[in-house]
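Hi,

Here is the structure I said I would pass on.

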Amino acid sequence: MNRHSPWLKVCSPDDLTNGSFTEFTLTKGKPEDQTTDQRGFVFRRSGKVYGYLNRCPHLGIELNWMPGRFMDSDNCFIQCSTHGALFLPDSGECIVGPCQGEALTPLEVSESRDSIEIRLPE
Ligand code: FES
């Protein structure tokens, strides 16, 4: 039995240039289950693609207040717009803020010639 979520195409590789973000909505579980939509985002940094759920570990709310804007003013860390928590882009670990020591929920990411796909963690 396959326990992984299906892969979901979220954009084309050409859409995700270095430093850019793509947001998306995904549905976890089957319709008959208690299905909840969740928001996520992918971004490319130094050529590599990363993906996380768009949910701050502090209060469980979305990180950004403007579409596609997730980075701090120095473009070094992912920043929560509500209380300013800073997260390492490559691991999602919170290094400063009220949820220090916690982390963003990572998504599995796959990049091929035609698509960037993600799937939810179990
Ligand atoms: S909600 Fe993100 S730091 Fe408080």
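First, the housekeeping. This is a predicted model, where local features need pLDDT of at least 70, side-chain atom pairs count only at pLDDT 80 or more, and totals for chains, interfaces and linings use all residues. Residues are numbered from 1 along each chain as its sequence is written, and side-chain values use heavy atoms, with hydrogens and water left out.

Let's start with the sheet built from β1, β9 and β8. These three strands make an open sheet in the order β1-β9-β8, with antiparallel pairing. (Strands here are DSSP runs of E, at least two residues, numbered from the N terminus; two of them pair if DSSP finds at least two bridges between them.) β1 and β8 are the edge strands, each pairing on one side only. From one strand to the next, the twist averages 35 degrees (axes are lines fitted to C-alpha atoms, and angles run from 0 to 180 degrees between N-to-C directions).

As for the pairings, β1 and β9 run antiparallel and are joined by three bridges, and K9 stands opposite E117 in β9. E108 has R119 in β9 as its bridge partner. These two strands form a hairpin, with four residues between them.

The other sheet is also an open one of three strands, in the order β5-β6-β7 and again antiparallel. β5 (78–79) and β7 (94–96) sit at its edges with a single partner strand each, so one side of each has no neighbour in the sheet. Two bridges join β5 to β6 (residues 86–87), and Q79 has L86 in β6 as its bridge partner.

Now for the serine. Where does S20 lie? You will find S20 in the loop between β1 (8–11) and β2 (21–28). Is S20 buried or exposed? S20 is buried, because its relative accessible area is 18% and the cut-off for buried is under 20% (exposed is over 50%, partly exposed in between, with a 1.4 Å probe and protein chains only). Its side chain reaches the backbone oxygen of T17 at 2.8 Å. Leaving aside neighbours within four places in sequence, S20 is in contact (heavy atoms within 4.5 Å) with D15, V42, F43 and R44.

Cheers

Terms used: A polar contact is a pair of N or O atoms within 3.5 Å; within protein, one must be able to donate a hydrogen and the other to accept it, and residues adjacent in sequence count only if both atoms are side-chain atoms.
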